[in-house]
Amino acid sequence: MTDLDEIPDWEVIGLAGDRSPGRWPGPARLLIAALAATALFLLGVLVGRVAEDDVDAAAVPDRLAESASAPPVTAIAPAGAAAVATTAPPTTAPPTTAPATTAAPPTTTPPPTASAPPTTVAAPATTTAPPTTVASVEAAHQALRNWWVLTSSGRLVSLEAGLAPKHSEVEAPVDATDADRGGWWVIDSEGRVTGWDGADSLGDLTAADGAPIVAITSSNAGDGYWVLRSDGTVTAFGDAADLGSLSLGDGVEAVGLAAAPVGAGYWIALDNGTVVPFGTAPSLPDARDLALAAPIVDIAAGMTGYWLLGADGGIFNYGEEFLGSGVAEQPLPGPARALGVLDDGAGYLIVTTDGELSTFGAELDLVPPSLDQDEQAIGLVRFFVG
């Protein structure tokens, strides 16, 4: 048997299962060493990558958490929009679910075309109140139809053409007033009161001495009247309440009496422009402190106040609208004598002693009442014809 030690190295093939080191030829050993080194290198690379992947996998939750906690990119709100400070929670509202369009868009502001055009806002020129406040010429004529001129001979002459005068047969009339239940009362210089056209006399001053009679005015209910003397004394008849009088001295006289529009009251007007209220008549300014060019001759009540009439046609308004006067706008041809107010304060008219008429607030072509020779206009009476 051949001794193995005697076999050359290149002849040793090795036996399966033999654990003793064998002897390989030189080239074979180099090849095997190279393959082993390569295998070890590849194994090291593989192990390194697996470890790196494990590290990356472990870092994924942290990165996701960091990404979730980071605030979303804030959208730039439109000019004037309020900034939203609250950030939506990661699990319910991710950054992409809150778009910038959630802010009120500029288009929510009403467009310019939604506003009313200038032509619809501005009042047309035709809406400006005309010089006359009476609704129409026909209505103004109807209002004038209710007024009559009292003459010094006791006649009532209508301002409406075609209506025959009324004759009271009173020899020295001073003033007249209407009765709301129909008819009218006229008082003469002796204090005698006469009722006409259904109005009955409720008493007079024929048995009483005193200052000259100045005026008679019916109560608001129309079932009574007040009589005024030049010294400021007032006497009540019928349902007219006794509200008081003045006691005037020399140098000043009472010239007019007007019933308050509401309640039981009246104003007494003096020739110097002073007006004194009684009862429910409100206290208003008057003309006492004015430098009057002519004395006051009459007073007429409106809905909230009164007008005073000067002998020169001047009008002084207190609590009512000024609609013109007989001084500048329409100079009167003669001394003014009486003042009347059209229905609901729509205007007023002035009559002069010679019967000339002027209206204010109602532009009408008036025909002066036909007066007889030596007859004068002394008052205006509101009398409803029906």
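How many bridges join strand β8 to β9? In this predicted model, local features need pLDDT of at least 70 and side-chain atom pairs count only at pLDDT 80 or more, while totals for chains, interfaces and linings use all residues. Residues are numbered from 1 along each chain as its sequence is written, and side-chain values use heavy atoms, with hydrogens and water left out.

Five bridges link β8 (residues 224-229) to β9, and the two run antiparallel. Strands here are DSSP runs (E, at least two residues), numbered from the N terminus, and two of them pair if DSSP finds at least two bridges between them. V227 stands opposite T235 in β9. Together, three strands form an open sheet in the order β7-β8-β9, with antiparallel pairing. Since β7 and β9 (234-238) each have a single partner strand, they stand at the edges, so one side of each is left without a neighbour in the sheet. From one strand to the next, the twist averages 20 degrees (axes are lines fitted to C-alpha atoms, and angles run from 0 to 180 degrees between N-to-C directions).

The largest pocket holds about 1100 Å³ of space. A pocket is an open set of points on a 1 Å grid over the protein atoms alone, where a 1.4 Å probe fits, with protein on both sides within 12 Å along at least five of seven lines; lining residues have an atom within 4 Å of a point. Grid points are joined across faces, edges and corners, and the volume is the space filled by probe spheres set on the points. Of the 47 lining residues, W147, T217, A259, A300 and A301 are the closest to the pocket's centre. Strand β13 gives the most to this lining, with six residues.

Notes
Helix = DSSP H or I, 4+ residues; strand = E, 2+ residues; numbered from the N terminus.
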